[in-house]
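Trainee: I would like to learn how to read a structure feature by feature. Could we take a few cases in turn?

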Amino acid sequence: MIPPPPRSFASAPKPVERTQIQLPPSTHNLAELLESDGEIDPTKSIDENRRDDDNLDKSSRRRRNDRSRDRSQEKREKRRSDRRRSRSPNYRDRDDVRDRDRDRYKDKRVREGREKDYERNSRRDRSRSRDRHRDDQGRERRRTRDRSRDDYRDSYRERSSRSSNYDRYSRRSRSRSRSYDRYSRRDRSRSYDRKSSSRSGKDSSGNTLLDTGISIIIDCKGDPDNISYGGNDDSNVPRYNRHGYGNVIGYAGDEKISMESKHRKVLVIENRLNRKRKQPTVRYSDSVYAWKDIDNSTKRSIIKTKASSEEADFSKGQNFISLGDKQKKERRLDETGEDGLLTSGVDYRDIRGDKHLGKSLETDEGEDGEIVDEELFTEQMRRRTIEFNNKLRDDPHDVKTWLEFIKFQDDIASGLNTGVEASTRTKSNKSSINEVKMSIFEKAMENNPDNEELVDAYLKCGGETWDTLTLLREWDNVLKKNPESVKLWADYINLRQTNFASFSFTECVKVFEDCITTLNRILKKLHANRNLEENSSSRESIESILVYIVLRACLFMKQSGYQEKAFGTLQALVEFNLFQPQIFDMSLDITFEKMVQEICDFWDSEVPRFGENNAKGWKEFYRARYNEEDTGTVPDPEKEEDEEEELSSIQDWISAENKADQRHRLALRMNTVNPERVDEDPYIVILSDDIRNFLFNITTRGARLGLIYSIFVFLGLPYTPPGVGTNTHFFTDTFTHNEMKLHNIWPDLEQKPMLVYCLDGVPMEPDHIVTNRDPYGLPISYPVGISELFARPKHWFGCAGRSQLECDADVEFTRNSFKQLVEVEKDYHLKLYHLSFESSCGYKGGRTLAKNMLKENRTNLVLWNAYAQLEKSHDKPQEARKVYQTTLSAYHTFPSSDQEDIPLVYCMFSQLEIEYDNHDEALNILVAMGNQQPYQPNGDKPSSTQLLRAKEFFSQKTMQLSTLSDSDKEDRIAHSYNVCYALFEYLTFGLESACAVYEQALLYIKEHQAERGYASETMWMAYAELLYRHATRGYGGHKPIILREAMERALQLFPNNTLFLGLFIWNEARTRIHNRVRNFFGLALDKDPNVILWVSAIHRELHNHFPYDINLVRSLFDRAVESPSTRSSIVLWKLYIQHEISRDNHEKARTLFYRAVRECPWSKDLYLMGLDILAKDESEKELNEAVSLMMEKEIRIRKQIEDELLV
């Protein structure tokens, strides 16, 4: 409770009219005496009357008890006689004996009761006598004190009677004294007045008289508190006066009402200077916590704007804009009286507190309209809870409603967790929220026990509450009941790979094997009936999922340091499906086990395998062995290191370990390797038993292409499958982007910013905004087309394959893989990727490969165009023009089926001229295409007739062809015609006409509900390229709003496309406006966070200012590594640790290392980074613990760590 304020600050009660009546001074306990039932003898004292009354009470009670006892005895005797008369003589004697015994027992109980009553009464009498004695002593002391006080007052009056001022002061002090005494004994005086008034008489003036000598005060005006506080009980009146903002009159400024207690029955005063920051933990189910208005911001209001514009300030003809509210001012004037003082409204002394005050003030918030309806957050939550309960009661099998109800619990918690300590309350109450969710899950699963989505959500929620053993036990039980659930297996793999407590390399590999074996069992059943068309989609789905799981397993083994097993598993699966002997596909009698035995024989023969030099494949090996021919030679043994490096520090060991990982990618052969080396490191040799559990058979086209492009993902190459956009799982998966390469992500920290610069001789503060950066620094996340495959560096977004690989061993494996893949898969995309990769490795190698491809396919216009683009990518425009001119002059002799790709040649040729600022020649190329005439280099300017004919040609072609066709070739041709039409309009009529062409194409795609598909994304990319060329090299003025609006629309559809992101950031940096970019990242990261968005946001903040905002970057890193979807991203953890090392914050880097290992326990790179940090800090104990942890988690260590290096 709030203690009363100091007496000097307490407000005095209001003066009332009083009448004084003199009573005998000895009558102090008059109220007690009046309450008694006895008669009062006025000749006796109060004590004598009280004693007589007590004696009278005792005698009367004794007489009543005797009469009651006599009546009871008479009744018992009567009942006894009646029973004797009613019974037979045989039982009369026995009854008499029993009755006498019973009476004797009852008499004994009565005597005992009388004795106890006597003892109780005697104790009470003794206690009363002690109380009377104590009261007599207290009265005697008070009489003595009063007599001495009266004597002092009399002497004081005699001394002060000389002056009238002293007289007035004396009367005032007596009045104050009597008022204060009456105020401090309010309860006793009020009850005394009410009881004494009934016995009092009246004097001649109408005043109450009683011959006792006590002064009774009568309030003739009434108490206004009865109206203010709703009653005449003083407990309703607060014993304190509030002063706003939690202040209480009489207390110091730092002592205020605690906000924690404003919803309780008792208010608490706290000292703001000494209060603790940490608040007590409040459980989710606490009555104080639940269904309370924690924050006024949780009130939802619907504001109705003014419908009529006649009252607007601009419509009044005024020359100023009013910032106030007229109605609000009038209301405030109405609330004031004539004297200008506030006479109504909210009283700061109102016991309803600041909550009631807040309600009255909330009506002033809607200054621009009228509040139509408002609903408290608690009321809304309660209403929605009732709605969910009613729905689930009517339909308990509605899984979607169950999941929405469970998710609704997070909304309740987020609404209640508001204010300053919201984050603390959220963390402390997370377990309580999960308990509520688990109870709802249990009820939902009782009605829907077999629903996979519900079971999966239940296990995820339990993972935040259960311990590791309980969690794994629950997962085992669920997988036994649902062994064929693909979704459950995928989530189980994620759990086992990221759970630090239960992780080990061997156990995790076994989980991958179990999952593949289980799904392969389902696939075998589908393969048995693969002639049926209805199961083709099911087979493709299962096969694609198996490809993804094997890719995850290979990436996991590679990142744990087991490169040989990772490459060997991928090689075996590619050989088993892409180089399979034809007889196995033709004959249905050959079982899967027979096929596995055959591939194991191929593997154990140790001939060159997929990706190795001179590899011919399993198909050729099977044919040669069947025909008893030479099956091939075993690869030459790997050269041994001449001398082992001397390791003098832990940094030297880390460097040697990284070099060994990059050197040893492929497994060695058992017949050629040194046995001692195998004994030291048995993982350098991969046997058939290590790979057979990862094998399965692929029979569909989609899964086959998925396996091919999984090779590129495994190697870290940015080549994307055709028809796959950035809204798919291919671009957003966290585990497949851990090999992502980031170039130039860190700004130049050695550059020193200018402290001041001069403008016309005036020193000014320099601008720290970086405006000269290009838009190409973000990670590659966009569909790769010809423009990107052969882009000139720093001129357009590219994807140079060589820069994405770490070592020469990967480069050699990639080259061999491309050579072998293009032989078994006749796909022009693979040929383009192969040519682009060779071009990134070197100009001569790429040109040679292009000529060899054209020798085999002379009529392929796609390859002719790729050859010209290769020349352009190496900044050789003249060579590229020669290739294009040769192609345009000779394509008429090609087969008609090959001539259909000629729009692609015209399109890319005109874009090349625009890129080199030769717009007139680009227009001649497009006019020749539109008029279907041969192209003449450096020809005359086209006439108006030619321009109209070309415009009509492009218009008809774009109307005839659809960019949403099922044919890949038709889509490519339609896309080329649209781009040519837009370029023609741009070169003849300007940018607005070109934009209209793209808008028409995008509208057609939107009408067919494909605005988020692959065709829409590629069209937006072509649109963005035109706008970017115009902004950098185009003629005429550039309006940044055009590019901004286009990129904002594109990012709404494709937020993960870093091409759109890069152009959007680049354009906003030129205009020096940054809020739009931050708002986009804020919304996108809240909606669907992924690795691409986090890295892009961090990259933008690193390069936005110089020097950059360290706290903002750290905040982004913290949010990224705490997000559930990206907390297992090795890339983000590595970047965060590198950032802290670059800022010389080794303590923070060490903390991040332990956190990173807990979230990514399989990453060898993180362990090595941690060892480097710990070695610099010279922490011997932690170094040994880190190495022991690597061994415990079975992380691959190639070179033995000497004990001297850990000291």
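Trainee: Which backbone oxygen lies 2.7 Å from a polar atom of the side chain of His737?

Mentor: The oxygen belongs to Asp733. Keep in mind that this is a predicted model. His737 sits in the loop that runs between α25 (729-732) and β7 (757-759).

Trainee: Is His737 buried or exposed?

Mentor: Its relative accessibility is 11%, and buried means under 20%, so His737 counts as buried. Setting aside residues up to four places away in sequence, His737 touches Phe730, Phe731, Thr732, Ile1092 and Val1131.

Trainee: Let us go on to a residue in a helix. Where is Glu543, and is Glu543 buried or exposed?

Mentor: Glu543 belongs to helix α17. With a relative accessible area of 0%, Glu543 is buried.

Trainee: Which side chains make a polar contact with the side chain of Glu543?

Mentor: One is the side chain of His527, at 3.0 Å. Another is the side chain of Thr700, at 2.6 Å. Not counting residues up to four places away in sequence, the residues that Glu543 touches also include Leu523, Phe696, Asn697 and Ala703.

Trainee: How many residues apart along the chain are Glu543 and Ile698?

Mentor: They are 155 residues apart along the chain, yet their C-alpha atoms are separated by 6.3 Å. For the protein as a whole, take the contacts between residues at least 6 apart in sequence: 66% of them join residues at least 24 apart.

Trainee: How is the packing of two helices described?

Mentor: Two numbers are used: the angle between the axes and the distance between the axes. Here, helix α15 (residues 486-498) packs with helix α17 (residues 536-559) at about 5 degrees, and their axes are 12 Å apart. Angles under 35 degrees count as roughly parallel, so α15 is roughly parallel to α17.

Trainee: Which residues of the two helices meet?

Mentor: From α15 there are Val486, Ile493, Asn494 and Gln497. From α17 there are Ile542, Ile545, Ile549, Arg552 and Phe556. Sorted by class, this contact has six nonpolar, two polar and one charged residues.

Trainee: Next, a residue in another helix. What does Gln571 touch, not counting residues up to four places away in sequence?

Mentor: Gln571 is in helix α18 (residues 563-578), and Gln571 touches Trp603, Arg609, Phe610, Glu612, Leu666 and Phe813. With Glu612 there is a polar contact of 3.5 Å between the side chains. The relative accessibility of Gln571 is 1%, so Gln571 counts as buried.

Trainee: Where do nonpolar side chains tend to be in soluble globular proteins?

Mentor: They tend to be buried together. In this model, the largest nonpolar core has 217 residues, and within this core Phe712 and Phe1060 touch the most other members. Leaving out neighbours within four places in sequence, Phe712 is in contact with Leu717, Tyr719, Phe818, Leu821, Leu830 and Tyr833. There is also a second, separate core of 19 residues, with Ile654, Val1157, Tyr1167 and Val1187 among them.

Trainee: How many helices and strands does the protein have, and what share of its residues is buried?

Mentor: The protein has 47 helices and eight strands. Of its 1207 residues, 42% are buried.

Terms used:
Residues numbered from 1 in each chain as written. Predicted model: local features only at pLDDT ≥ 70, side-chain atom pairs only at ≥ 80, totals over all residues. Heavy atoms only, no water. Axes fitted to C-alpha atoms, helices over the stretch in contact; angles between N-to-C directions. Helix = DSSP H or I, 4+ residues; strand = E, 2+ residues; numbered from the N terminus. Parallel < 35°, antiparallel > 145°, perpendicular 65-115°, else oblique. Contact = heavy atoms within 4.5 Å. Nonpolar A, V, L, I, M, F, W, Y, C, P; charged D, E, K, R; others polar. Buried < 20%, exposed > 50% of the residue type's maximum accessible area, 1.4 Å probe, protein only. Polar contact = N/O pair within 3.5 Å; in protein donor to acceptor, adjacent residues only side chain to side chain. Core = buried A, V, L, I, M, F, W, Y, C linked by side-chain atoms within 4.5 Å.
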